[in-house]
Amino acid sequence: MLPLIRFDQVSVTIHKKMILSGISFALSPGEKAALCGKSGSGKSSILKTLLGLLPVTSGTVYFQELPLTAASIQSIRSGTAYIGQEPMLGTETVREALLLPFQFKTHRYHRPTEAQLIEVLQRLQLPAGILSQPGSRISGGEKQRIALARGLLLGKKLYLLDEVTSALDAESKAVVLEVFSDPDLTVLSVAHDPEWLERCGVIFELEAGRLTRAAHHENT
Amino acid sequence: MKTLDIELPQMALLYGLCLLPLLLLRLIGLRLSRDIGISILRMSTQLALVGIYLKMLFDLNHPWLNGLWILVMLLVADLSILRRAGLKARDFALATFTAIAFSVVFSTAYLVVLVIQPAHFYDARYIVPLAGMILGNCLQGNVIALERFYSALRKSENEYETFLMLGATRWEAVRPYFREAVKAAINPTIASMATMGLVSLPGMMTGQILGGSEPWLAVKYQIAIMICIFTSTTFASIINLKLSLNIAFNAFDVLKDEVTEKH
């Protein structure tokens, strides 16, 4: 099976500072992977590089075997959902936040129905009433789940999750882990949560911008 | 009616008026005499030089010379806009020049050729002061537009990147900041039009009345200049921001670090 993403000897240097060095790995559709390492080891930089937010100094990043270039970046971003540690909702109400991507040309004709909005909220154990609430009034954990719900509504191929369970309580975390364990979803995550790591097929360990170890789980 | 001249002794009397606020400032402990003195000296020298040049310009009234004067004003305004907006002149000078040159030349030409219709379209008595007034206001608007846009983007970099990650094109992702910047750029002109004549008599109108014009004529010229200022500021800020997008972002739509002066 062709890998969904592939890093081939990727290095990133910014202002003469090495951020990533010679990173190579591949992720197949449906696979779950976690990037682990100390703060500043380059975990989040791998996600940002894939999204074109950091400039590749050498090597090549592939998405569905399509090399990451200025011409392909829009389609790569369109096929990926990135959810960060402190997600930005970018709007007034939760409903507007969920519908925000559907204002853009790429998703304009895939606007979800009210029933679909409620269904995705229920999957993440959020009440339907939250739709009309202002984004400023909801908790960090709820905000995190709304960002995840927005990603799910887009029906992306690949989910890039950066410490998304950090603001969640045990119950919410269990729900999120269950949702992203779906065999149809491909997930590349920055995570330290043992419960999530157990569900990942492969764990990449990073140290000072280098990939030092790739541990594969047999049972996933 | 001929405007009364201010003779040299009266000019000296006028400078003498400055001594009163200087004394007052000293009394409250504000030691600004040196700065104020330099400012008054600079103002007087600069205006004297402009007076000499304008006299020459009006006497010769040559189309190329008038055009050259406008070109110099545009170049000075171009660099001034970028310096005050904190952007690198090396990168943005051409974009800003294109935006202000098009907008100012278009508005001035519209006003002079189609509305005022002097015997010669290049008449220095019309195009030089009118282009100068339009450009001066356009300059303020463009400083606000560029400064607001890039500082908002830097401040909201996470939000901007979130828009990109959610599938927005560069234009879709910058649009909220773009709209706010254009609004901020034209707001002073809109507010000024709304209160014109109520709060104060506009400078150009006052000048014309002192110069002997009928109040009605002065009013018509004031309306004309305000409409042209509004048009050129709107055009220039939109064109300038739009052209700058091609310079300030890399091929992956990320705002370059090195576009602002501090980098």
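Predicted model: local features only at pLDDT ≥ 70, side-chain atom pairs only at ≥ 80, totals over all residues.

Reader: What makes strand E8 of chain A mostly covered?

Author: A residue is called buried if its relative accessible area is under 20%, and five of the five residues in E8(A), which spans residues 186-190, are buried. Both faces are covered, with Thr186(A), Leu188(A) and Val190(A) on one side, and Val187(A) and Ser189(A) on the other.

Reader: How do you know that E3(A) is paired with E8(A)?

Author: Two strands pair if at least two bridges are found between them, and four bridges join E3(A), residues 32-37, to E8(A), the two running parallel. Within this pairing, Leu35(A) stands opposite Val190(A). Strand E7(A), residues 158-162, is also joined to E8(A), by five bridges and again in parallel, and here Leu160(A) stands opposite Leu188(A).

Reader: Why is the crossover from E7(A) to E8(A) called right-handed?

Author: The chain passes from E7(A) through helix H6(A), residues 170-180, to E8(A). With the strands pointing away from the viewer, a clockwise path over the helix counts as right-handed, and this β-α-β crossover is right-handed.

Reader: What makes up the lining of the largest pocket, by class?

Author: The lining has nine nonpolar, four polar and one charged residues, and among those nearest the centre of the pocket are Arg125(B) and Met204(B). Helix H6(B) gives the most, with six residues, and the pocket holds about 610 Å³ of space.

Key. Residues numbered from 1 in each chain as written. Chains lettered and ligands numbered in written order. Heavy atoms only, no water. Buried < 20%, exposed > 50% of the residue type's maximum accessible area, 1.4 Å probe, protein only. 1 Å grid on protein atoms, 1.4 Å probe; cavity = no way out; pocket = protein on both sides within 12 Å on 5 of 7 lines; lining within 4 Å. Points joined across faces, edges and corners; volume = space filled by probe spheres on them. Nonpolar A, V, L, I, M, F, W, Y, C, P; charged D, E, K, R; others polar.
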